Amino acid sequence: MASSLSHISEELAEIDGQISDIFRALSNGFQKLEKIKDANRQSRQLEDLTEKMRECKRLIKEFDREVKDLEGQNDSSTTKMLNEKKQSMIKELNHYVALKKQHTATLENNKRVDLFEGPSDGYGEENVLLASSMTNQELIGHGNQMMDETDQAIDRAKKVVQDTVAVGTETAAALKAQTEQMSRVVNELDSIHFSMKKASKLVKEIGRQVATDRCIMALLFLIVMGVVAIIIVKLVHPNNKDIRDIPGLAPPAQSRKLLWHP
């Protein structure tokens, strides 16, 4: 496909080749991820794949800008083909994004642990022996004390949960703001990169025009110097027949000698 784009634009063909390389790397990376059993290695692999997807998204944006820049130069069929190519890239990238989300959810489920454990062995027997040696009043008092301690523990747990939810909400809001800011920065960097490429092309074109103008000026200078040299030679050797007269330039007037008769 890159070779078919080269006749339209070398930059489009180069961007298409880079995106194809990233798609191959993503395909191989997800196949490798399925074979990894260690959770830490899976996390590192997912981070690497996420970075590749970010680079692919940037290249697709650059491809879209180049297509829009060439709309006035291409016919309708070529423009349609380029837009279909862009949509195909976006669809394939979304496929890998969905795979990444699926593997991330699976990884988080594997890392999840049970926070509530049951009583240890022997704990029930100790409670039975303790209860058998206590009177009814003592059992009631001990039961009330345990209920109070349980209520206090529940209240502490509720407070911890509320604090955790508040911190999580603040963290989510901060992360959302930072993500939006990073997205704006990335878009601005993409625009700057694209503008720099356009400026580089314009400088090259100006350089070629300057070189052409210099060649024309040098040729004109040589012609003028040749004409001046011919004029000088004609003035120095007016009788030299080997030098042709320059059209529009009259030959020097012959000196006349006056005869005087006494």
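**Notebook: helices, pairs and patches in a predicted model**

I looked up I223 and found that I223 is partly exposed, with a relative accessible area of 48%. For this term I used the following cut-offs: buried means under 20% relative accessible area, exposed means over 50%, and partly exposed lies in between (1.4 Å probe, protein chains only).

I note that the model is predicted: local features need pLDDT of at least 70, side-chain atom pairs count only at pLDDT 80 or more, and totals for chains, interfaces and linings use all residues. Residues are numbered from 1 along each chain as its sequence is written, and side-chain values use heavy atoms, with hydrogens and water left out.

**Entry: overall fold**

I recorded six helices and zero strands for the chain. From the N terminus on, the order of elements reads α-α-α-α-α-α. Helices (H or I, at least four residues) and strands (E, at least two) are DSSP runs, numbered from the N terminus. Of the 262 residues in the chain, buried residues make up 18%.

**Entry: surroundings of I223**

I placed I223 in helix α6, which covers residues 136-236. I then asked which residues form a nonpolar patch on the surface. The patch consists of I216, M217, L219, L220, I223 and V227, and together they have about 570 Å² of accessible area. Patches are made of residues with over 30% relative accessible area and no salt bridge; like charges are joined within 9 Å, and nonpolar side chains (Val, Leu, Ile, Met, Phe, Trp, Tyr) within 5 Å. The areas come from the Shrake-Rupley method with a 1.4 Å probe, and for residues only the protein chains shown count as cover.

I also consulted the UniProt record, an unreviewed entry, which places the feature "transmembrane region" at residues 216-236. UniProt positions are given in the numbering used here, feature names are shortened, and annotations may be inferred rather than shown by experiment. In the model, residues 216-236 are 100% helix and 0% strand. The end C-alpha atoms of this stretch are 30 Å apart.

**Entry: aromatic pairs**

I counted two aromatic pairs. Rings of Phe, Tyr and Trp (its six-membered ring) pair if their centres lie within 6.5 Å; planes under 30 degrees apart count as stacked, over 60 as edge-to-face and the rest as tilted. The ring centres of F30 and Y96 are 5.9 Å apart and their planes stand at 10 degrees, so this pair is stacked. F30 lies in helix α2 (residues 10-35) and Y96 in helix α4 (residues 76-111), so the pair ties together parts that are 66 residues apart in sequence.

Are F30 and Y96 buried or exposed? F30 counts as buried at 3% relative accessibility, and Y96 counts as buried at 8%.

S27 is partly exposed, with a relative accessible area of 25%. From C-alpha to C-alpha, S27 and L49 are 9.6 Å apart in space, and they are 22 residues apart in sequence.

**Entry: salt bridges**

Side chains of opposite charge can pair when their charged atoms come close. I counted twelve salt bridges, each a side-chain nitrogen of Lys or Arg within 4 Å of a carboxyl oxygen of Asp or Glu.

D48 forms one of them with K52, with the closest N and O atoms 2.9 Å apart. D48 and K52 are four residues apart in helix α3 (residues 39-69), and are therefore separated by about one helical turn. D48 is partly exposed at 37% relative accessible area, and K52 counts as partly exposed at 26%.

R58 forms a salt bridge with E62, and here the closest N and O atoms are 3.3 Å apart. Both lie in helix α3, four residues apart, about one turn of the helix. R58 counts as partly exposed at 21%, whereas E62 is buried at 6%. I found E55, R58, E62 and K197 linked in a network of salt bridges.

K86 forms a salt bridge with D64, the closest N and O atoms being 3.0 Å apart. This pair links distant parts of the chain, with K86 in helix α4 and D64 in helix α3, 22 residues apart. K86 is buried at 15%, and D64 counts as buried at 17%.

**Entry: cysteines**

How many disulfides does the structure hold? I found zero disulfides, a disulfide being a pair of cysteine sulfur atoms within 2.5 Å. C56 counts as buried at 0% relative accessibility, whereas C215 counts as exposed at 55%.
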